[in-house]
Amino acid sequence: MSKDKNKKGLDYSDSEFDTRLMKDLLEIYNTIPIKKQEENNSNLDRIFEDKWTLIQIIRNGVPYSFFQFIQKYLPLSEQDWAGLLDISTKSLQRYRSTENFQFKPIHSEKIIAMAEVTQLGLRVFGDNDKFKLWLDTPNFALGQMKPIELLKDSYGKELVIGELTRIQYGIFV
């Protein structure tokens with residue numbers, strides 16, 4: 001059993017996942033009402049500040065309960081999620097009914113990445129409806145592709161984050 005230390009000096013074990021980390025993340029998310037997203041961005045930012053914690057969460061798998069919680073904040077349908085995670089909607093439905101289901105690391109990473117994109121999108125647009133409209137609209141700066149189409153891989157995600165950042169700072173292409 002190997003142990004790693006993150007920058008805060010916390011021990012992690014390969015065979016045991018520290019469930020306190022997940023509880024902390026859920027507590028932070030629980031304090032953020034969607035309508036007051038702008039006022040509470042600092043709470044949401046805290047989730048993504050500690051990359052070591054995110055790495056551990058991804059490697060150990062995001063529990064379905066956390067995925068459901070993230071779904072409340074993301075303007076995506078179950079079909080959108082299935083496409084982004086490259087799994088069927090039937091699999092997502094089966095996961096929902098499986099007690100204590102944890103996603104594989106490859107899916108966990110995409111779930112966390114989408115949470116990061118959504119955090120920035122909500123900061124830029126202020127609400128889910130405007131952000132969802134932007135995701136579903138072909139974008140000149142993104143080669144006339146819909147941003148939602150680019151989120152299936154990490155390079156596309158970086159293009160979307162770059163465009164959201166430019167919009168945030170008033171740099172329009």
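Q: Hi! Leaving out residues up to four places away in sequence, which ones does Asp136 touch?
A: Hello! In this predicted model, Asp136 touches Lys146 and Ile148 once those sequence neighbours are set aside.

Q: How far apart are the C-alpha atoms of Asp136 and Lys146?
A: They are separated by 5.5 Å, although the two residues are 10 apart along the chain.

Q: And where does Asp136 lie?
A: You'll find Asp136 in the loop between helix 8 (128-135) and helix 9 (147-150).

Q: Okay, helix 8 next. At what angle do helix 7 and helix 8 pack?
A: The angle is about 110°, and their axes are 8 Å apart. Helix 7 and helix 8 are therefore roughly perpendicular to each other.

Q: Which residues make that contact?
A: Helix 7 brings Val117, Thr118, Gly121, Leu122 and Phe125, while helix 8 brings Asn128, Lys130, Phe131 and Trp134. Sorted by class, the contact has five nonpolar, three polar and one charged residues.

Q: Is the crossing of helix 7 and helix 8 left-handed or right-handed?
A: That crossing is right-handed.

Q: New topic: how many aromatic pairs are there?
A: The count comes to 10. One of them is Phe67 with Phe103, with ring centres 5.0 Å apart and planes at 65°, so this pair is edge-to-face.

Q: Where in the chain are Phe67 and Phe103?
A: Phe67 is in helix 4 (residues 64-73), and Phe103 is in the loop between helix 6 (89-97) and helix 7 (105-125), so the pair links distant parts of the chain, 36 residues apart.

Q: Buried or exposed, those two?
A: Both Phe67 and Phe103 are buried. They also belong to one aromatic cluster with Tyr64, Trp81, Tyr95 and Phe101.

Notes
Residues numbered from 1 in each chain as written. Predicted model: local features only at pLDDT ≥ 70, side-chain atom pairs only at ≥ 80, totals over all residues. Heavy atoms only, no water. Helix = DSSP H or I, 4+ residues; strand = E, 2+ residues; numbered from the N terminus. Contact = heavy atoms within 4.5 Å. Phe/Tyr/Trp six-rings, centres within 6.5 Å; stacked < 30°, edge-to-face > 60°. Buried < 20%, exposed > 50% of the residue type's maximum accessible area, 1.4 Å probe, protein only. Axes fitted to C-alpha atoms, helices over the stretch in contact; angles between N-to-C directions. Parallel < 35°, antiparallel > 145°, perpendicular 65-115°, else oblique. Left-handed = near helix turned anticlockwise from the far one by under 90°. Nonpolar A, V, L, I, M, F, W, Y, C, P; charged D, E, K, R; others polar.
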